[in-house]
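I set out below my notes on one structure. The entries follow the order in which I looked things up.

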Amino acid sequence: MAAHMYYNDDISQAALNGKKVAVVGYGSQGHAHAQNLRDSGVEVVVGVRPGGSWEKAKEDGFQVYSVGEAVAQADVVMVLLPDERQPEVYKQEIEPHLTEGKALAFAHGFNVHFHQVVPPKDVDVFLVAPKGPGHLVRRVYEEGGGVPALFAVHQNASGEAKEVALAYSKAVGAGRAAVMETTFKEETETDLFGEQAVLCGGTTALVKAGFETLVEAGYQPEVAYFECLHELKLIVDLLYENGLEGMRYSISDTAQWGDFTAGPRVVNDGTKDEMRKILSEIQSGQFAKGWVLENQANRPMFHSINEQEKHHPLEVVGRELRAKMPFIQSKKKGVVGSAKG
Ligand SMILES: NC(=O)C1=CN([C@@H]2O[C@H](COP(=O)(O)OP(=O)(O)OC[C@H]3O[C@@H](n4cnc5c(N)ncnc54)[C@H](OP(=O)(O)O)[C@@H]3O)[C@@H](O)[C@H]2O)C=CC1
Ligand SMILES: CC[C@](O)(C(C)=O)C(=O)O
Ligand SMILES: [Mg+2]
Ligand SMILES: [Mg+2]
């Protein structure tokens, strides 16, 4: 069944008129939602803890409050804290101020879908999940475009949750690209699958394997870096603009023949079998359970792999090469302090 699509002309922002939105968290998604909504004429306050994000939101001209104070004064509360922090902050600082008639919103359905956050029945609960990193949600909006988003309603206590979710989607800029109706289940499972198998996990594994294959065969790391990582952005830009056919229009026929013949050898039936396993672990809740436990143990594996990855030869050579290309816009998530806005 095809998705129901909405675009700016189909959406009224009126459901947000006179409403105050508290954006809780001012990181990758938080700064983008807060700034795009403000530029779209919505009244926004930011709720965050003292520290880097607080300072950044203040610098960006927002009224900044503790999470509890922001929630207390808002009609719509958009929770843009890290997924793993949400249950605790929700219990301590959001739930006590979430009075009847308010709307609780998320950019990812993880905690509601996997029952880590259980909102009271007398509030609306919806998600607006941009299909892109927060820094691009802001950059593309400023350029006059938008990043597409999914929206879903989990609870409709007020009777107008869908209108508010659509209005929010428009204000964040998604209506310029595409807004699709979904469920918390579909958003959560497809988002986790996409980031693990294709967008993040699949891509970084592919890039590293290509780089390692060339370097182990005696080729220069700089050449391998440009071939396997840097140029990927330029190829992906063509995919983004024109799909597979448009990308293939710009590459040589030699490359296209290699694409047809070698691609299916790299991503083969075994790879697809593994993708199906990854999807079923997401659907069964096994992945979510593992991630919750990893956080309860203070992330031993996460930190150790993260440290190891920073020293991969691809990263070492990449840092040196990018330093010579100041034209590349850099937004280093989590590398330069904690304020990622
Ligand atoms: N990253 C992305 O592009 C996408 C994220 N999402 C979803 O958006 C949500 C937010 O993710 P993301 O933007 O990556 O998060 P980030 O890690 O970038 O930002 C989190 C923010 O929450 C603040 N924060 C953390 N702990 C607390 C706390 N205890 N009390 C108050 N504030 C706190 C951080 O402030 P401080 O500086 O003080 O640490 C920071 O401002 C998640 O649900 C995620 O799945 C959805 C689509 C894409
Ligand atoms: C692809 C990763 C993502 O799902 C996103 C930017 O959409 C995330 O959780 O950050
Ligand atoms: Mg995503
Ligand atoms: Mg995600």
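**Notebook: annotated sites and helix packing**

I began with S53 and found this residue buried, because its relative accessible area is 14%; buried means under 20%, exposed over 50% and partly exposed in between, with a 1.4 Å probe and protein chains only. I note that this is a predicted model, in which local features need pLDDT of at least 70, side-chain atom pairs count only at pLDDT 80 or more, and totals for chains, interfaces and linings use all residues. I number residues from 1 along each chain as its sequence is written, letter chains from A and number ligands from 1 in the order in which they are written, and take side-chain values over heavy atoms, with hydrogens and water left out.

**Entry 1: binding-site annotations**

I placed S53 in helix α2 (residues 52–59); helices (H or I, at least four residues) and strands (E, at least two) are DSSP runs, numbered from the N terminus. In the unreviewed UniProt entry, the annotation "binding site" covers S53 together with Y26, G27, S28, Q29, R49 and G134. UniProt positions are in the numbering used here, feature names are shortened, and annotations may be inferred rather than shown by experiment.

I then turned to G134, which is found in helix α6 (residues 134–142). G134 counts as buried because its relative accessibility is 0%. Leaving aside neighbours within four places in sequence, I found G134 in contact (heavy atoms within 4.5 Å) with S28, Q29, H31 and A32.

The UniProt annotation "binding site" (unreviewed entry) also covers S252. I located S252 in the loop between α10 (221–250) and α11 (253–266). S252 has 40% relative accessibility and therefore counts as partly exposed.

**Entry 2: the active-site annotation**

For "active site", the unreviewed UniProt entry lists H108. I found H108 in the loop between β6 (103–106) and α5 (110–113). Its relative accessible area is 10%, so H108 is buried. Not counting residues up to four places away in sequence, H108 touches D83, L127, E187, T188, D191 and L192.

**Entry 3: domains**

I recorded a division of the protein chain into domain 1 (5–182) and domain 2 (199–267 + 299–330); the bounds come from an automatic or database domain assignment. The centres of the two domains, taken over C-alpha atoms, are separated by 33 Å.

**Entry 4: packing of α9**

How do α9 and α10 pack? I read an angle of about 160° between helix α9 (residues 201–216) and α10, with their axes 9 Å apart. Axes are lines fitted to C-alpha atoms, for helices over the stretch in contact, and angles run from 0 to 180 degrees between N-to-C directions. The two helices, α9 and α10, are therefore roughly antiparallel; angles under 35 degrees count as roughly parallel, over 145 as roughly antiparallel, 65 to 115 as roughly perpendicular and the rest as oblique. On the α9 side, the contact is made by T203, V207, G210, F211, L214 and V215, and on the α10 side by P221, A224, Y225, E227, C228, L229 and L232.

I next examined α9 against helix α15 (residues 313–323), where the angle is about 90° and the axes lie 10 Å apart. α9 is therefore roughly perpendicular to α15. Here V207, K208 and F211 of α9 meet P313, L314 and V317 of α15.

**Entry 5: S284**

S284 is exposed, because its relative accessible area is 54%. Between S284 and T271, 13 residues apart along the chain, the C-alpha separation is 20 Å.
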